[in-house]
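Hi,

Here is the structure I promised to pass on. Have a look, and then read my notes below.

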Amino acid sequence: MKVGIQTAINDPQKLTAYCHALNVDQVCLCDAVVTTGDGPAPPADIKKLLKFKGALSEGGVHLSVMFTHAFRNCERATAPPDWLRRPEGQKDLQSVLQMIQCFGEASIPAVLFYTYMRRPDSKKEESDAWKSLMDF
């Protein structure tokens, strides 16, 4: 069995030491560690990701999963059910696709995808939310 941790530790040497202290060799890393720029949805930086992944690998730790989020450009807890079908939601989609493309280029074997959708208040909102999520 592979045992790992989910983390946003942004220093590969500190993360390697932490993994060794826990006796784990797998990491699920937050996308924020490898982004560049400002704003709520900065793009992933392939060079930064490859450097981070290489430093972990040298320490015997495998970057086996990255995690990222939908609803990158709004307050997820209050997003309307049809957010992902709105123009702003489409910007989220493009941001997420860029992030996933970066992970693929870095040969990350898996992506964990969080949506953090708020709980719908009615059956209609629930139906709209599921449709929006499936469209996304």
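Which side chains meet in a salt bridge? Those of Lys 123 and Glu 126 do, at 3.8 Å from N to O; the rule asks for a side-chain nitrogen of Lys or Arg within 4 Å of a carboxyl oxygen of Asp or Glu. By that rule the count comes to 1 salt bridge.

Before going on: this is a predicted model, where local features need pLDDT of at least 70 and side-chain atom pairs count only at pLDDT 80 or more, while totals for chains, interfaces and linings use all residues. Residues are numbered from 1 along each chain as its sequence is written, and side-chain values use heavy atoms, with hydrogens and water left out.

Back to the pair: Lys 123 and Glu 126 both sit in helix α4 (residues 123-135), 3 residues apart, about one turn of the helix. Helices here are DSSP runs of H or I with at least four residues, and strands are E runs of at least two, numbered from the N terminus. Lys 123 is exposed at 68% relative accessible area, whereas Glu 126 is partly exposed at 32% (buried is under 20%, exposed over 50%, partly exposed in between, with a 1.4 Å probe and protein chains only).

Now the sheet: 4 strands form an open, parallel one in the order β1-β2-β3-β4. Its edge strands are β1 (4-7) and β4 (110-114), each pairing on one side only; pairing takes at least two DSSP bridges between two strands. Strand β1 is joined to β2 (residues 26-30) by 4 bridges, and Ile 5 has Val 27 in β2 as its bridge partner.

Cheers
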